[in-house]
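Open the coordinates in a viewer and keep the selection panel at hand. The stops below are given in the order in which to visit them.

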Amino acid sequence: MGELSRCQSATLQVAVIALLIISMIAAGGVATAAESGTVQIQSAEDNDSDSTRLSYTFTANANGTASVTPRSEDQAGGDVTFELQSASSFTVRNGQRYTIEYRATARSGADERTYSFRPTVDVSGGGSYSESLSVDVNVLEPRFGSVDGKRTEIKFKGRSTESATVDVEIPNVGDGVMTGISASVDNSPSGIRVDLTSPGEIRAGSRESVNAQITASDSVSEGTYTIDVIVSDSTGSSESFGINVAIIKAPVLSASDRTIDLGDVLIGESTEESFTLREEGGDESVEDIDVDYTRRSGDGSLSLSPPNRISAGGSDDGSVSIQASDDAEQYEQLEWIATFRPADPDGVSANLRFDARVIYPAYYGAVGASNKIISFDEPQAERESFSETVRVAVENGGDLPMDIQDVDASVSGSGLRADIVSAPDTISAQSTQSVEVSVAAGATADEGDRRLDVSIDAAEPGQTTTSSTVTVDHETDIEAGQSDVTYGQVVATQRVTRSTDISERLGYQDVRRFNIEQVSGPDSGWLRVEERPSSLEAGDSAPFVTTLQFDTRAEFFTTYTWRYEITGSNVDTETITITATPRPIDFTATVESLQESDIPEESDRAVVATESAEAMEALADRLREGSDERSDTARGDITTVSAAGRSSVLIIEQITIAREQQAAGNYTAAQRSLTRAAAAYRTLETASTRIETTPVKTRIETAASAADESLATAIDEQRAYYQDRAQNNETAVLTTAQTQRQLARLAALTGNTDDANEFQQQSQTAFERYSTLVSEGNDNLQRARQAEANLSAVTLTSIGGQPIFWIGALDRVDARQQMITQAYAEATEKFDAAGATAQATTAREEQSAFDQRLSRGRLLSYGLAGAVGFGFLIIVSLELRAIYRYAQESEEAISGDFLIEPEASS
């Protein structure tokens, strides 16, 4: 029955809940369950506060504007507040979820309990939502835990007051922070003062210390005293504890000097010193003193003898000895810190530090001599010897003076000598002195390294030897007899030579990789080196010869400079500087050449010579007139007139030679001469247009016109010769090509470009025909050679290079001989037509050799055939004779006649 009632009750609850849900949905939506939060307030703090956020969510059942109320609410007199954090009015849509959020804040003064309120959301489209929000306020309270008392002691050490410091831990066992902490002394014995320092706060569950500074005067008797202390906080809570202070007046040891420095101690030896201890308390005497060492440092030993008894307030001396070990390092610091303790367990000890430094006797530190080079830098003939001073550094690394007893030096090898120049008697501690050694080498000493040994003997530490290298260096020095070679003013056309000697001055060794090279100066070809040494041996000298010749490019009265460097791998560079200044050209030589020309007086060449010579003399006269305007104009024509004069000389010379060669029928050589004359004529013609000095210009123009006539006459004869050759149809193709080319050149010399191009084209065509014929001839020649090589197929053998054929193969040999002979003939014909004389000769010689070899081979073949036949007959007759004898001997064997001896003749 009871079970049935419970089932009915549960069913009723479910029905009620379902009805509520349906009602909420019909009213306007569903809201989530209410939210609660927790805040904490420190009881010990007046203005403490804490806050949290509370929210709930609802689902809108219609579209519209939602309004949230209230925006805020105060409770507990304003110590607890609820403030809306989300918007108080906003638009909602049916079926969407929205969250309402409040901030709950609690402040000091709020009670520890739960605070709640119910905000409402109204939707304009229909529906209302309301939920309860709550916050739990917890008030955190601090609480003193149990405080343990402390014990300390104050020992008097001879001063009027002594003090001690005690820290007492105060626990906060509550759940809130403890603030406003203060500590005070409840009672304090006479003569004892207590200064207390409290912490600012103590966090919940932690501890902080109250510091007690306790000071006692010497009027307080020996014994134990209690100090009561009370500690309280801002909430009014308090706790008390006690501090027990023991006043002790025992003997007090002290030393007038806390550090006893025994100074330097020599390694392996000892040093002693005294020290003073006193009893400063003035209350009790020190009967016995124990010594402990708190620090030991260094390779040494310490021996202490403290005083046996020190009366109260009195003092006494003790002694100390420090010995340095034999293996102690130099300047090693020996250190001990000793604690002197009175026998009274309450007595106050004293600490003393004992120091000493290890020093060494005199010893050799760095001993060494620098390497030295003795340079043979003066001529061997002028010096007997060379010397250098070597300094030997001797360091006394010890801490006592070093007394030098003897110094000696020697050098290895021949030709060198070592002598002590100076040496110190004493070397102070930690210092360096020098021994000076003079090393002298004879002028004939060989180059190379020697060993120098210097021996030093001192009372302490004894003898030592150091070595260094002394190097004899044979230097090499180049010297030019004249480092500045001056040509002075040189006529532009004049050739001048200068020479200076280059010497190896010292005479010890050759110059290695000797070289002379121009490093600066014009590269116009004016200065040429005619002679220069390619090498330079020790002590030798050789000439350096240069030749200078300016041309018309040089600017008159401008000084030109050339620099040559003389180098070697074992010498310093020497420089030769050459200077020269060109001056105007002297026309005398050219004028004389023109006037002395061996040519007919009435010829055009005579006009060229006369007019050119007079033009040059006219220019020279104008130059001699001075520095007026006409002279300046003439100076500008110097180079052009000089070129015109030399061109006239060349024209006359080459046309004369060409005419002689034409007369001798050597038109090929004449062609070259005329080409040179034509080139010179173009220079003369150009010069005639550039000259500005009027009388000179007129004469050069006349000379150019006469040169043109003379050159044209010679070229006409040359052209007639080659035209005649070109019209000869029997001329070989090569000759035709060469003739057409010469005609093209002649046309070009006379400026006839059209004819020159036509002749050049004909020449090219002839050369192509020549190449074709030579190619065909080579093909026939190779065919003949290949057929001749294939003739070995019908050759029986070869004797002395001569073929021998089978008699039955001679018909085939004759057929092939005819084919080979025809190929050679066709090759010769092609070569002859082309004008390839050498190839034609080769083809004829090979054909002749082939015919002769084949004829001798045919004769040998016939002879061999006869010899073979005769041999065959002999072999047959020999065989027949053998058969006959065999038959006869067989008959004798059958009859037995061979057993009957022949009768002796009577």
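Is R513 exposed or buried? R513 is exposed, at 73% relative accessibility, where exposed means over 50% relative accessible area, buried under 20% and partly exposed in between (1.4 Å probe, protein chains only).

Before going further, note that this is a predicted model, in which local features need pLDDT of at least 70, side-chain atom pairs count only at pLDDT 80 or more, and totals for chains, interfaces and linings use all residues. Residues are numbered from 1 along each chain as its sequence is written, and side-chain values use heavy atoms, with hydrogens and water left out.

**Positive phi**

Stay on R513. Its place is the loop between β41 (496–504) and β42 (515–520); helices (H or I, at least four residues) and strands (E, at least two) are DSSP runs, numbered from the N terminus. Phi of R513 is positive, near 55°, and the residue is not a glycine.

Next select A76, in the loop between β5 and β6 (80–84). A76 is not a glycine either, and its phi is about 55°. With a relative accessible area of 35%, A76 is partly exposed.

**Cis peptide bonds**

Move to P70, which sits in the loop between β4 (64–69) and β5 (72–75). The peptide bond joining T69 and P70 is cis, with omega about -5°.

Then select P461, in the loop that runs between β37 (448–458) and β38 (463–474). A cis peptide bond leads from E460 to P461, and its omega is near 25°.

Why stop at these places? Most residues other than glycine have a negative phi, and most peptide bonds are trans.

**A buried serine**

Select S134, which is part of strand β12 (residues 133–140). S134 counts as buried because its relative accessible area is 17%. Show its neighbours: leaving aside residues up to four places away in sequence, S134 touches E35, S36, G37, L54, T114, Y115 and S116, a contact being heavy atoms within 4.5 Å.

**The whole chain**

Now select everything. The protein chain has 11 helices and 48 strands. Of its 906 residues, 38% are buried. Among contacts in the chain with a separation of 6 or more, 70% are between residues 24 or more positions apart.

Finish with the surface display. The protein chain exposes about 48100 Å², of which carbon and sulfur atoms supply 43%; accessible areas come from the Shrake-Rupley method with a 1.4 Å probe, and for residues only the protein chains shown count as cover.
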